[in-house]
Amino acid sequence: MALLDILCFPDERLRIKAKPVKEITQAHQTLIDDMLETMYQAPGIGLAATQINIHEQILVIDVSEAKNTPYCFINPEIVSDSGKEIMEEGCLSVPDTYAEVERADAVIVRYLDRKGKEQQLEAEGLLAVCVQHEIDHLQGKLFVDYLSKLKRDRIRKKLEKQQRQK
């Protein structure tokens, strides 16, 4: 397994819409393992392929305390949502930045698992928020897009300054 480089806002590659996976290959299995390792090391609770500059609809999530309940979603699609919840979100592509975002409190998501089997998951709370956040990445959207232009510009300037100092 390998640790992968995570793109950081405002990198324009984060805005590329991911394409559906047509066939799950051995290369995808390796990618999924690498994505999980990268997510755990970061440390994070979700990672979309877009964040590592791979523009296919694949994401991994693990919101468990013990970090032992990973989900892999291929070609995920939210088929229904309900309720509203405001939760503080962060993102591996927007380091050291947190903001409150309103999302659905519960979702039903249809997807393929890593074996290519169609699945449907009813998620609520943190898992539901994480699923929505990661699917946004596959659409080229970041959680900062839910914030005011002023807040988004401040975050952009802060991260650009940090990147120049590296």
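Two aromatic rings (of Phe, Tyr or Trp, the last by its six-membered ring) make a pair if their centres lie within 6.5 Å; planes under 30 degrees apart are called stacked, over 60 edge-to-face, and the rest tilted. By this rule the count comes to 2 aromatic pairs. Before we zoom in, note that this is a predicted model: local features need pLDDT of at least 70 and side-chain atom pairs count only at pLDDT 80 or more, while totals for chains, interfaces and linings use all residues. Residues are numbered from 1 along each chain as its sequence is written, and side-chain values use heavy atoms, with hydrogens and water left out.

**View 1. Ring pairs link Y71, F73 and Y111 into a cluster.**
Take F73 and Y111: their ring centres are 4.4 Å apart and their planes stand at 55°, so this pair is tilted. F73 belongs to strand β3 and Y111 to strand β6, so the pair ties together parts that are 38 residues apart in sequence. "Buried" means under 20% relative accessible area, "exposed" over 50%, and "partly exposed" anything in between, using a 1.4 Å probe and protein chains only.

**View 2. Here is an open sheet of 5 strands, in the order β1-β2-β3-β6-β7, with antiparallel pairing.**
The edge strands, β1 (46–48) and β7 (118–124), each pair on one side only. Neighbouring strands of this sheet are turned by 35° against each other on average, direction ignored. Two strands pair if DSSP finds at least two bridges between them; β1 and β2 (residues 58–61) run antiparallel and are joined by 3 bridges. Look for L47, which stands opposite V60 in β2.

**View 3. Helices α1 (residues 26–41) and α2 (residues 125–138) pack on the sheet.**
Contact here means heavy atoms within 4.5 Å. Helix α1 touches β1, β2 and β3 (71–82), and its direction makes about 40° with that of β2. Helix α2 touches β1, β2, β3, β6 (106–112) and β7, at about 155° to the direction of β2. These angles run from 0 to 180 degrees between N-to-C directions, with axes fitted to C-alpha atoms, for helices over the stretch in contact. Zoom in on Q29, which sits in helix α1. Q29 is buried at 17% relative accessible area and touches I24 and R114, not counting residues up to four places away in sequence.

**View 4. Helix α2 is mostly covered, with 13 of its 14 residues buried.**
At 1.5 Å a residue, the 14 residues of α2 should span 20 Å, and the end C-alpha atoms are 21 Å apart, which agrees. That expected span is 1.5 Å times one less than the number of residues. Just after α2, G140 takes a positive phi of about 80°.

**View 5. In helix α3, residues R152, I155 and L159 are buried.**
They cover an arc of only 65° around the axis, which puts them on the same side of α3; the arc is that of the directions from the helix axis to the C-beta atoms. Which strand do the buried residues of α3 pack against? They pack against β5 (94–103). The face of α3 turned away from its buried side carries exposed residues, among them K149, R154 and Q165.

Definitions and conventions: Helix = DSSP H or I, 4+ residues; strand = E, 2+ residues; numbered from the N terminus.
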